[in-house]
Amino acid sequence: MGFQSGAVLADSILNAMGTETHIPAEPDDFIGADDRLHCGVCLEAKEYRLPNGHYVPSLCRCGRMKRDAQEQRQREQAMMERVTELARYNMLGTAKLKGATFDTAEQREDGTAAFEVGRRYVADFDAICNSEEDLKGLLLYGPPGTGKTHLAACIANALMARYVPVLFTSVIELTGLFEDELGEVLRRMRSAKLLVLDDLGAERSTDFKVEQVYNVVNSRCNDMKPMIVTTNCTLDEMRGEKDLRYRRIWERVRSMCRPVRMDGESWRKRKTVEAIRRMKEG
C-alpha cells in the first residue's frame, strides 16, 4: 500500500475542511442571502458552508444536469465499444444479412405477422430485458428458406444500431474455430446483451460438442438474458427429441423463447424458379 506525500495529504485535508473563501464563480453567479455562491442560471447554491465557516463545492441543478449528461455519454461510449468488440465475432456472413433492415427487407404476405413480431421485439427490447417474465426471447421455426435467418438479422442490426451488444452466430460455423477462438466466442455468447443462435439443430453431423451449446443456453436462461433462436425443427420434433442432450437444449430454449412459426414456400426455391423462368424468356 502506497503513501501520500506531505503536499498531497495537506491538499486532501484542506479539501475535506473546505476553504475560507468562496469557490470560483462563473459569470452571473452571485452570493445569496445565505452567504453561499449561487448559480446565475438555475439560482441554486453551488457550495456548502461548513460549521467552521469554510466553503466546499456542491452541484447546482445545472451542474447535476451536466454531470448526468457526461455519465450518459460515457455509458453510450462504453456500449458502442462493446458493440464494436462483439461485431468482430458476429457471423452474419453475407453482405445481404449485414445490411438487413426492416425497411428494406423483402416480405411476402405469409411472413408479415412474423416480421411484425420482430418489429415489436426491437421496440420493446429494453422493457423485455428489465421484465421479470421468463419469455425474453424468440424461437423462429419453420421450413428452410422461409426467412428466419433474415428476420433474425433484421432484429440484430436494428438493435446494434441502438448500441445494443448483439452476438449473431451459427453453431455450424463455430465448429471451424480453433480451441482458443472457440473458448473466447463461447464466453462472448454468454455475456452478450442479446444472443442470436442461428440454425440450431443442424449441427448433428459435425464434431461440435453439444454440451457446450447447452452450457451457453443454460447460462443465459439462468441469467435471464434474451436469445433469438432459428431452427428448421418443428415444435413436435423438439418435444419428441430422442437424444437427451438435444432434448435438454430444446427444453431450455422453449422455457424462455416465444415460438414464432414462419410458413410459406421457400424463398430460395421461389427465386431459383423465377431465375430459370427469366432465362427461358430471355
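This is a predicted model: local features need pLDDT of at least 70, side-chain atom pairs count only at pLDDT 80 or more; totals for chains, interfaces and linings use all residues.
**Exercise 1.** How many helices and strands does the chain have, and what percentage of its residues count as buried?

Solution. Start with the secondary structure: there are 12 helices and nine strands in the chain. Next take burial: 41% of the 282 residues count as buried. Then turn to contacts between residues at least 6 apart in sequence: 71% of these join residues at least 24 apart.

**Exercise 2.** Find the buried residues of helix α11 and state where they lie around its axis.

Solution. Helix α11 covers residues 244-256, 13 residues in total. From first C-alpha to last, α11 reaches 19 Å, close to the 18 Å expected at 1.5 Å a residue. The buried residues of this helix are Y246, I249, W250, V253 and M256. Viewed down the axis of α11, they fall within an arc of 145 degrees, so they line one face of the helix. The elements that cover them include the strands β5 (137-141), β8 (227-231) and β9 (257-261), along with the helices α9 (210-222) and α10 (235-239).

**Exercise 3.** Determine how many disulfides the structure holds, and examine C60.

Solution. The number of disulfides is zero. For C60, the nearest cysteine sulfur is that of C42, 3.8 Å away. A disulfide requires two cysteine sulfur atoms within 2.5 Å, so C60 is in no disulfide. As for burial, C60 has a relative accessible area of 5% and is buried. Another cysteine, C154, is buried too, with a relative accessible area of 0%.

**Exercise 4.** Describe the second largest pocket: its volume and its lining.

Solution. The volume of this pocket is about 250 Å³. Its lining consists of 13 residues, and the closest to the pocket centre are Y121, I128, L135, L138 and R258. Now sort the lining by element: α4 (112-123), α5 (125-130) and β5 each supply at least two residues. The largest share, three residues, comes from α4.

**Exercise 5.** Locate Y163 and M224, and say for each whether it is buried, partly exposed or exposed.

Solution. Y163 lies in the loop between α6 (148-160) and β6 (166-170). The phi of Y163 is near 65 degrees, a positive value in a residue other than glycine. With a relative accessible area of 37%, Y163 is partly exposed. M224 sits in the loop between α9 and β8. M224 is not a glycine, yet has a positive phi of about 55 degrees. Its relative accessibility is 30%, and M224 therefore counts as partly exposed.

How values were computed: Residues are numbered from 1 along each chain as its sequence is written. Side-chain values use heavy atoms; hydrogens and water are left out. Helices (H or I, at least four residues) and strands (E, at least two) are DSSP runs, numbered from the N terminus. The expected span of a helix is 1.5 Å times one less than its number of residues. Buried means under 20% relative accessible area, exposed over 50%, partly exposed in between (1.4 Å probe, protein chains only). The arc is that of the directions from the helix axis to the C-beta atoms. Contact means heavy atoms within 4.5 Å. On a 1 Å grid over the protein atoms alone, a cavity is a set of points where a 1.4 Å probe fits but cannot get out, and a pocket is an open set with protein on both sides within 12 Å along at least five of seven lines; lining residues have an atom within 4 Å of a point. Grid points are joined across faces, edges and corners, and a volume is the space filled by probe spheres set on the points.
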